[in-house]
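Hi,

Here is the structure I said I would pass on.

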Amino acid sequence: MTQRVRDVMSPAAVAVEPMTTVARAARLMREEDVGDVLVTYDRDLFGVLTDRDIVLRGVADGRDPDDTTVGSVCAPPPVVTLEPDDSTDHAAELMRRHAVRRLPVVEHGGVPAGVVTLGDLAATDDPRSALADLSEAPPDH
């Protein structure tokens, strides 16, 4: 059943500024138990930094995480986004088209409001699915 993104998204997205170090962003991801942070500048979405970006564009390239900024390794603009009133079907279509597992949700022309993940959509579509179960499980520390 189609729902609105606002009904399934995680509203408390973690955000950092482009000049934040990769090391600081990684610590924040660990503290908040998330795999991505939104990169914002002056309240507007600039990019998205994932744990995969840190590995592929930072560590694997030999960059020092204490000297490298998130703005230099994050997925750069333009970033594919959703609005809170978009449908979950539209969210799934965008994820499929752009081969991503999470999308920032913005309102008022670019102000981040949250994040919707593939797991959020799976839990909405079929709460008994394996992906929904994995998405709801506590992390393995």
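Let's start with the charged pairs: searching the whole structure turns up 6 salt bridges. A salt bridge here is a side-chain nitrogen of Lys or Arg within 4 Å of a carboxyl oxygen of Asp or Glu. The general idea is that side chains of opposite charge can pair when their charged atoms come close.

Before you go on, keep in mind that this is a predicted model, where local features need pLDDT of at least 70 and side-chain atom pairs count only at pLDDT 80 or more, while totals for chains, interfaces and linings use all residues. Residues are numbered from 1 along each chain as its sequence is written, and side-chain values use heavy atoms, with hydrogens and water left out.

One of the salt bridges joins Asp36 and Arg102, with N to O at 3.0 Å. It links distant parts of the chain, as Asp36 sits in strand E2 (residues 36-41) and Arg102 in strand E4 (residues 102-107), 66 residues apart. Helices (H or I, at least four residues) and strands (E, at least two) are DSSP runs, numbered from the N terminus.

Is Asp36 buried or exposed? Asp36 is buried, at 12% relative accessible area, whereas Arg102 is partly exposed at 26%. The cut-offs are under 20% relative accessible area for buried and over 50% for exposed, with partly exposed in between (1.4 Å probe, protein chains only).

Which residues does Asp36 touch, leaving aside its neighbours within four places in sequence? Asp36 is in contact (heavy atoms within 4.5 Å) with Met29, Val48, Leu49, Thr50, Arg102 and Val115.

Now go to helix H3 (residues 88-98), which holds both Arg96 and Glu93, 3 residues apart, about one turn of the helix. These two form a salt bridge, and their closest N and O atoms are 2.8 Å apart. Glu93 also has a salt bridge with Arg97, at 3.6 Å from N to O. Through shared partners, the salt bridges join Glu93, Arg96 and Arg97 into one network. Glu93 and Arg97 are 4 residues apart in H3, again about one turn. The background to that spacing: an α-helix has 3.6 residues a turn, so residues three or four places apart point the same way.

As for accessibility, Arg96 is exposed at 59% and Arg97 is exposed at 53%, while Glu93 is partly exposed at 31%.

Which residues of H3 are buried? They are Thr88, Ala91, Leu94 and Met95. Seen down the helix axis, these buried residues fall within an arc of 120°, so they line one face of H3. That arc is taken from the directions from the helix axis to the C-beta atoms. Arg96 and Arg97 are exposed on the other side of H3. After the helix comes Ala99, with a positive phi, near 50°.

**Helix H1**

Helix H1 (residues 22-32) has buried residues too: Val22, Ala23, Ala25, Leu28 and Met29. Their cover includes strand E1 (15-16), E2, strand E3 (44-50) and helix H2 (51-58). Met29 is also one of the contacts of Asp36. Following H1 is Asp33, whose phi is positive, near 55°.

Happy looking!
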